[in-house]
Amino acid sequence: MNYRRFFAILLAAAMLLALFTGCGKKNEESAASNQPVQYPGEIAAENETDYIGTVAENTYTNPYFGISCEAPEGWSFYDEETILATMGYATDKLGSDMGDGFLELLETSGTACVMVMAGPEGESANVVVQQTQPAMLGIDDDALYPMLVPSLESQYEQMGLETEVSIGTATFLGEARDAICTTYASTGMIQKQIYIINDLYSGIVTASAYDEATVDAIMAMFH
């Protein structure tokens with residue numbers, strides 16, 4: 001995966017955090033009474049590793065967000081060390097158990113890419129997990145995505161990336177949902193992102209490819 005595009009993906013998480021950190025204290029009292037957005041299959045985490053999910057028998061499963069995705073033939077999952085190294089995390093800090101590095105990164109930075117699934121033609125899918133700010137609770141896609149589009153456009157421009165950011169649709173967990181759609185002019189790469197806001201942690205699911213039909217097919221793999 002291209003490093004620059006990888007960090008552009010993480011930017012989506014950073015922008016979500018930035019949008020709500022400033023207003024978190026201001027809205028904390030009113031947000032506390034709101035309920036988090038619920039998605040089909042979403043359950044309470046029984047242990048910390050549920051937040052980051054696991055890969056077993058060529059399938060990624062995340063009980064906390066109620067999602068799973070099987071790698072098609074020719075695709076492969078990045079291991080934890082590779083993902084953390086790509087993020088610039090010192091992999092010598094990895095514990096003996098799978099997920100220790102992800103959990104430490106979540107605790108120290110509030111954000112971690114916990115799954116990357118790469119295809120043979122440069123297509124990919126990934127999941128980013130980040131701590132949920134109180135002001136995020138109760139925000140649905142209709143309110144969230146219009147807030148994110150101009151912020152992402154501005155940040156991509158500052159990064160020197162020529163992009164077109166809009167609100168599109170994608171099939172996710174068997175249902176049509178709004179998604180943030182980003183097209184990179186220099187490469188022709190198309191990326192769609194769906195946000196899952198839950199009580200303790202929020203998830204950002206990203207599908208990337210060189211044509212929209214493939215992007216939609218990747219997103220539809222999540223069930």
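The buried residues of helix α4 are G101, F102, L103, L105 and L106, where buried means under 20% relative accessible area, exposed means over 50%, and partly exposed lies in between (1.4 Å probe, protein chains only). This is a predicted model, in which local features need pLDDT of at least 70 and side-chain atom pairs count only at pLDDT 80 or more, while totals for chains, interfaces and linings use all residues. Residues are numbered from 1 along each chain as its sequence is written, and side-chain values use heavy atoms, with hydrogens and water left out.

**The chain as a whole**

- The chain has 6 helices and 10 strands; helices (H or I, at least four residues) and strands (E, at least two) are DSSP runs, numbered from the N terminus.
- Of the 223 residues of the chain, 50% count as buried, and the chain exposes about 10,100 Å², of which carbon and sulfur atoms supply 48%; accessible areas come from the Shrake-Rupley method with a 1.4 Å probe, and for residues only the protein chains shown count as cover.
- If one takes the contacts (heavy atoms within 4.5 Å) between residues at least 6 apart in sequence, 57% of them join residues at least 24 apart.

**Confidence in the model**

- The mean pLDDT of the chain is 80, and 74% of its residues reach 70 or more; pLDDT is the predictor's confidence in each residue, from 0 to 100.
- Over residues 22–45 the pLDDT is below 50, although this stretch has 43 contacts in the model beyond near neighbours in sequence.
- Where pLDDT is low, the predicted coordinates should not be read in detail.

**Helix α4 and L106**

- The cover over the buried residues of α4 includes α2, α3 (80–86), β5 (111–118), β6 (124–131) and β10.
- L106 lies in helix α4, which spans residues 100–109, and L106 is buried, with a relative accessible area of 1%.
- Leaving aside its neighbours within four places in sequence, L106 is in contact with I52, T111, A112, V129, Q130, Q131 and Y201.
- Although L106 and Y201 are 95 residues apart along the chain, their C-alpha atoms are separated by 9.6 Å.
- After α4 comes G110, whose phi is positive, near 85°.

**Aromatic pairs**

- A pair of aromatic rings is described by the distance of the centres and the angle of the planes.
- Rings of Phe, Tyr and Trp (its six-membered ring) pair if their centres lie within 6.5 Å, and planes under 30 degrees apart count as stacked, over 60 as edge-to-face and the rest as tilted; by this rule the count comes to 6 aromatic pairs.
- The ring centres of Y51 and Y201 are 4.7 Å apart and their planes stand at 50°, so the pair is tilted.
- Because Y51 lies in helix α2 (residues 49–52) and Y201 in strand β10 (residues 201–209), this pair ties together parts that are 150 residues apart in sequence.
- Y51 is buried, with a relative accessible area of 13%, and Y201 is also buried, with a relative accessible area of 13%.
- The rings of Y64 and F65 have centres 5.0 Å apart and planes at 65°, so this pair is edge-to-face, and both Y64 and F65 are buried.
- Y51, Y64, F65 and Y201 form one aromatic cluster.

**Salt bridges**

- Side chains of opposite charge can pair when their charged atoms come close.
- The structure holds 3 salt bridges, a salt bridge being a side-chain nitrogen of Lys or Arg within 4 Å of a carboxyl oxygen of Asp or Glu.
- E175 forms a salt bridge with R177, with the closest N and O atoms 3.5 Å apart; E175 counts as partly exposed at 39% relative accessibility, whereas R177 counts as buried at 12%.
- K192 and E212 meet through their side chains in a salt bridge (2.8 Å, N to O), and since K192 lies in strand β9 (residues 190–197) and E212 in helix α6 (residues 212–219), the pair ties together parts that are 20 residues apart in sequence.
- D216 and K192 likewise meet in a salt bridge (2.8 Å, N to O), and this pair, with D216 in helix α6 and K192 in strand β9, ties together parts that are 24 residues apart in sequence.
- K192 counts as buried at 1% relative accessibility, whereas E212 counts as partly exposed at 40% and D216 counts as partly exposed at 26%.
- K192, E212 and D216 are linked in a network of salt bridges.
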